[in-house]
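This report describes the fold and some side-chain arrangements of a single chain. The sequence and the structure are shown first.

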Amino acid sequence: MPDATFKDLVIDATDGPVLAAFWSAALGLRSAPAGDSAADFLLADDVPEHRVWINRVPEPRTVKQRVHLDLHATVEELARLGATAAEEYADAEGDDWTVLRDPEGGELCAFPDRAAAVGPYRLHALVVDAADPAASSAWWGERLGLEPEPVAGRPSWYRLEPGAGLPCLMLFIPVPEPKTVKNRIHWDVWGETDRFLAAGATLLTRREDSPDPHVFWDVLADPEGNEFCVFRPDQD
């Protein structure tokens, strides 16, 4: 039995209005202020799992992000929204993509081939850097009740297909560098914290330990140190 279902994504921002405007247009979502803060935003459509929270943080991006988003979009349309191109790639499997940076320097990838064929929602994949992609994909696959698969033509890459609320691919790709700072993109899940802890997650903040009375989720890290939040199924 899986431990959890996917809930939504969270993107850290030093300038909430700017990043909310960019990501809402890039992903094909509506943007609205979140709660009482003028710096936090909720991006959404009619599918709850498509939601993306833009949360203001004081620290700027300083290193390459270990979690990024791949989009069904062209470089030109993302550039019009404020992205800047970094590198272009092509592989033997016929995929072409371009690495860009959002207005705060965060990496993202544009896959233009199917940009015109998809609907308004443009998220193609949630991509996670990993020291051990096989182990990381297996861990998250077991939590979500999804079966990891190797990616054809890309040694050591693994994928989880959409399911258990996950609205896109989840890719785990190998990188040589270790994680050094808090991820600026993380995901939330519905589940029970104790089941994650029993499976090897680390507790970072528990509800009752938080100085913020509005915090009602637990913050954990997976075995590779990636932060995620666990919400009980009866809470939102």
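**Whole chain**

The model is predicted. Its chain has four helices and 16 strands. The radius of gyration is 17 Å, close to the 18 Å that the globule rule gives for 236 residues, so the chain is as compact as a globular protein of that length. Along the principal axes, the C-alpha atoms fill a box of roughly 45 × 40 × 35 Å. Of the 236 residues, 47% are buried. The accessible surface comes to about 11100 Å², and carbon and sulfur atoms account for 54% of that area. Among contacts between residues at least 6 apart in sequence, 62% join residues at least 24 apart.

Helix α1 covers residues 16–27. At 1.5 Å a residue, its twelve residues should span 16 Å, and the end C-alpha atoms are 16 Å apart, which agrees. Buried positions in α1 are G16, L19, A20, F22, W23, S24, A26 and L27. An α-helix has 3.6 residues a turn, so residues three or four places apart point the same way. Just after α1, G28 has a positive phi of about 80°.

Helix α3 covers residues 133–144. The buried residues of α3 are P133, S136, S137, W139, W140, G141, R143 and L144. Just after this helix, G145 takes a positive phi of about 70°.

**Aromatic rings**

How many aromatic pairs does a search of the whole structure find? The search gives 13.

| Pair | Centre to centre | Angle between planes | Class |
|---|---|---|---|
| W139 and F196 | 6.1 Å | 50° | tilted |
| W140 and F228 | 4.9 Å | 80° | edge-to-face |

W139 lies in α3 and F196 in helix α4 (residues 193–198), so their pair ties together parts that are 57 residues apart in sequence. W139 is buried, with a relative accessible area of 10%, and F196 is buried at 0%. The planes of W140 and F228 stand at 80°, so that pair is edge-to-face. W140 lies in α3 and F228 in strand β16 (residues 227–231), so this pair ties together parts that are 88 residues apart in sequence. Both W140 and F228 are buried. Ring pairs link W139, W140, W187, F196 and F228 into a cluster.

Charged groups also lie over rings. The charged end of R143 sits over the ring of W139, 4.9 Å from its centre. K7 lies over the face of W190, at 5.2 Å from the ring centre.

**D8 in strand β1**

Is D8 buried or exposed? D8 has a relative accessible area of 0% and is buried. D8 belongs to strand β1 (residues 4–13). Leaving aside neighbours within four places in sequence, D8 is in contact with E49, R51, W53, H186, W187 and D188. One of these contacts, W187, is also a member of the ring cluster described above. D8 and D218 are 210 residues apart in sequence, and their C-alpha atoms are 15 Å apart in space.

Conventions. Residues numbered from 1 in each chain as written. Heavy atoms only, no water. Helix = DSSP H or I, 4+ residues; strand = E, 2+ residues; numbered from the N terminus. Expected span 1.5 Å × (residues − 1). Buried < 20%, exposed > 50% of the residue type's maximum accessible area, 1.4 Å probe, protein only. Phe/Tyr/Trp six-rings, centres within 6.5 Å; stacked < 30°, edge-to-face > 60°. Lys NZ or Arg CZ within 6 Å of the ring centre and 35° of its normal. Rg over C-alpha atoms; globule rule 2.2 N^0.38 Å. Contact = heavy atoms within 4.5 Å. Areas by Shrake-Rupley, 256 points an atom, 1.4 Å probe, with all protein chains shown as cover.
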